Amino acid sequence: MKQGAQGSAGTGSVARDRGQAVAEARVPPQSRASGVTRSPVEGGSGVRGEHTHSEVPIPRPVVQRASVRGQILVALRTALVAGELRPGEVYSAPALGERFGVSATPVREAMQQLALEGAVEVVPNRGFRVVERGARELAELAEVRALIEVPVVLRLARSVPVERWAELRPVAEATVRAASSGCPATYAEADRTFHRAMLSLSGNEQLVQISEDLHRRSQWPLVGGSASRGRADLIADAAEHTALLDALIARDLDVVRGLVGGHFAGGS
């Protein structure tokens with residue numbers, strides 16, 4: 001009985017060895033040579049968690065392209081606010097790509113995002129035209145922003161703890177420094193950051209996103225740049241941020257109501 005059992009075990013072992021040899025013979029040479037680490041369940045000899053040269057690399061070109069597109073989008077928004085991209089002018093992706101030292105692809109993708117936001121419009125076979133805006137559109141944007149933000153800020157003024165408002169002091173002071181630089185693009189970013197920080201206290205992400213979109217659109221240049229604000233205007237606007245924050249910390253609702261209403265009336 002022992003010999004029979006041993007014989008059966010030996011026969012099974014030989015069969016398994018032959019089966020393994022056949023399986024290995026069926027694996028394409030490139031698969032065996034690739035050194036892919038398989039778990040013991042998969043029949044491989046690799047150790048779980050062991051690093052090998054077969055690990056799939058991170059798709060770096062895709063990540064880099066997305067990163068470049070994001071950087072170009074920021075650069076285009078800055079150029080737009082600064083007036084470097086003039087309303088009514090058509091800009092081609094290859095020309096802008098040469099300006100930024102990149103290919104036309106990330107520029108085109110960034111411009112398409114600006115088209116979705118309404119900053120530019122597509123001109124077939126030519127490029128992208130910067131949208132021409134007038135004072136009426138700016139006033140309409142300010143009105144819509146006021147309808148959304150004023151009641152929210154007044155509600156938050158009654159409910160948000162003083163300590164939370166005090167945490168926004170560095171953000172408000174950053175707008176003052178940005179205004180002192182006299183750069184419209186620098187101030188525009190700091191201005192949006194302050195308003196976003198205030199509205200974020202509501203906990204309503206949809207509100208924050210919609211308000212920031214309206215705010216960004218209100219910062220685009222007008223036709224001829226007639227309504228562009230100088231350094232003094234930017235400093236005055238930033239001063240309203242610090243004054244509003246002081247009133248919120250003091251819970252002076254009358255002052256808050258007057259400041260937040262007047263802030264939007266000024267188109268900021």
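Two strands pair if DSSP finds at least two bridges between them. The views below show a predicted model.

**View 1. A three-stranded open sheet.** The strand order is β1-β3-β2, and the pairing is antiparallel. The edge strands are β1 (90-91) and β2, each of which pairs on one side only. Strands of a sheet pair through backbone hydrogen bonds, either parallel or antiparallel.

**View 2. Where β1 meets β3.** Two bridges join β1 and β3 in the antiparallel sense. Look for Y91: F128 in β3 stands opposite this residue.

View 3. Strand β2 covers residues 120-123, and strand β3 covers residues 127-130. Four bridges join these antiparallel strands. V120 has V130 in β3 as its bridge partner. Three residues lie between the two strands of the hairpin. In the turn, N125 has a positive phi of about 65°.

**View 4. Helix α5 and its buried side.** Helix α5 runs over residues 104-117, 14 residues in total. From first C-alpha to last, α5 reaches 20 Å, close to the 20 Å expected at 1.5 Å a residue. Buried residues in α5 are A104, P106, V107, A110, M111, L114 and E117. They lie on the same side of α5 because they cover an arc of only 165° around the axis. An α-helix has 3.6 residues a turn, so residues three or four places apart point the same way. After α5 comes G118, with a positive phi near 90°.

View 5. Helix α11 spans residues 231-250 and has 20 residues. Its first and last C-alpha atoms are 29 Å apart, close to the 28 Å expected at 1.5 Å a residue. The buried residues of α11 include the leucines L234, L244, L245 and L248. D237, A238, H241, T242 and A247 are buried in α11 too. Just after the helix, R251 takes a positive phi of about 55°.

View 6. One cavity of 30 Å³ or more turns up in a search of the whole structure. The largest cavity has a volume of about 50 Å³. Its lining consists of E149, R192, H195, R196, L199, V208, S211, E212 and H215. Two elements give two or more residues to this lining: α9 (184-200) and α10 (205-218). By type, the lining residues divide into two nonpolar, three polar and four charged.

Note on methods
Residues numbered from 1 in each chain as written. Predicted model: local features only at pLDDT ≥ 70, side-chain atom pairs only at ≥ 80, totals over all residues. Heavy atoms only, no water. 1 Å grid on protein atoms, 1.4 Å probe; cavity = no way out; pocket = protein on both sides within 12 Å on 5 of 7 lines; lining within 4 Å. Points joined across faces, edges and corners; volume = space filled by probe spheres on them. Nonpolar A, V, L, I, M, F, W, Y, C, P; charged D, E, K, R; others polar. Expected span 1.5 Å × (residues − 1). Buried < 20%, exposed > 50% of the residue type's maximum accessible area, 1.4 Å probe, protein only. Arc of directions from axis to C-beta.
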